[in-house]
Amino acid sequence: MITKRRLAAGLCGLAATLAAGLFPASAAADEPTAQEPPKIDLVLDVSGSMSARDVDGKSRMSAAQQAFNDVLDAVPDDVRLGIRTLGATYPGKDMKIGCQDSKQLYPVGPVNRTEAKAAVATLRPTGWTPIGLALRGAAQDLAGGDATRRIVLITDGEDSCGQPDPCDVARELAAQGTHLVVDTLGLVANDKIRKQLSCIAEATGGTYTSVQHTDQLSSRIKQLVRRSAQTPPVVPKAVQGSAQCGNATGITPGVWTDREEFGQHRYYKVAVSDGQELRATVSVGADRAVNTDYGVLLRAVSGEGQELVRGSDAGSGRTDVMSSGLRFVYPEKDDDSGDAAAHTVCLEVSNSFSAPDAVKRTPGLPVELTLDLVDAPDEAGDVAAFGLGRGWVLLGVLAVTGLLAGLIWGWLARWRVAVWRSN
């Protein structure tokens, strides 16, 4: 059956090649226009608090500079990158002046790594933290054209100016409809900082990450830069899960976002054919204060309610994201019908997060669900392919192994006793 599919794909490819040769003018006319390179503005906090020495034994400023050097070395050639600072020039106590302290350190465009590194090396922790003002300035740095745009904000504190409010600025940018995403990285694990930076990120469809080490900071910025360089960019799609499998919303391969209340179960329906492997991962973000002891469960359930496979993770303490994943294969049937049967699979997402009474329950916790369907391996060589998620095959193997081991051990024991008696 696989050979038939490959033969059909080959014939389709040959037909497409012949068509391209017969109609070259038409093909040229239908070629897509080249996309503009993505644009990214790194916004760095250079306020006085960045002099604190609590990141791998060095100052926050030094850690940020080292991370920037690593990022600049890894920037793809097709990315237009710029750098903006806040709190870098005014060391005084006049709030009115300090709250206007944001400037473009390196213009958005092709990166000259030597010049950009030299500019970053001159920075010293200085002034205030006008985050709202810096976000507006970064949006202006990225203005013009139809390229994808991303702001990456790196800070160790919340806005110290009040006006403009950073969350309001983020909502303004989102309302402009220019597909500008703001990602935030916090260098200090603080509930007030987390709340403000999460608000900024969520308003624009971005992410918030708490980092405490230089390598984490460097790795996360590189990840965001690479994500912007993807063509086409990955844009999560909103979906609303159901309380039951029967009336669940159908989803296809891609990235999906939803909201889930504390302790809630949400179902999403997927069509999986014979010969396909289902791969799914889920992440649930703790975007507010939660109690210790929590977990995330992702299950694949058949249309009849039978559990196919599950993945789970649990923890205790403080976390920002909990993730889990699963894989399951519907083997290809050995028949000559040529038609692959379609199966209905429901993905169940549930969590055991809880929170103090003073914490708001709505909206629910942010959920990101990633789904992919790929061709199953020809040789069943992994746990998912064997169906061990159900447990029965593994239980049978263990039982037979234990029985054989017991028989062999008993025979050896009797033989040793017989030899001892005879001697």
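**Disulfide bonds in the predicted model**

With -100 degrees about the S-S bond, the link of Cys 99 and Cys 161 is left-handed. The pair links distant parts of the chain, 62 residues apart: Cys 99 lies in the loop between helix H4 (95-98) and strand E3 (102-109), and Cys 161 in the loop between strand E4 (149-155) and helix H7 (166-175). Helices (H or I, at least four residues) and strands (E, at least two) are DSSP runs, numbered from the N terminus.

This is a predicted model, in which local features need pLDDT of at least 70 and side-chain atom pairs count only at pLDDT 80 or more, while totals for chains, interfaces and linings use all residues. Residues are numbered from 1 along each chain as its sequence is written, and side-chain values use heavy atoms, with hydrogens and water left out.

**Overall pattern**
- A search of the whole structure finds three disulfides (pairs of cysteine sulfur atoms within 2.5 Å).
- Counting bonded cysteines along the chain, the pattern is 1-2, 3-4, 5-6.

**Geometry and location**
- The S to S distance is 2.0 Å for Cys 99 and Cys 161.
- Cys 167 is joined to Cys 199 with S to S 2.3 Å; Cys 167 is in helix H7 and Cys 199 in helix H8 (residues 191-204), 32 residues apart.
- The link of Cys 245 and Cys 346 is right-handed, with 85 degrees about the S-S bond.

**Burial**
- Cys 99 counts as buried at 9% relative accessibility (buried means under 20% relative accessible area, exposed over 50%, partly exposed in between; 1.4 Å probe, protein chains only).
- Both Cys 167 and Cys 199 are buried.
- Cys 346 is buried, with a relative accessible area of 0%.
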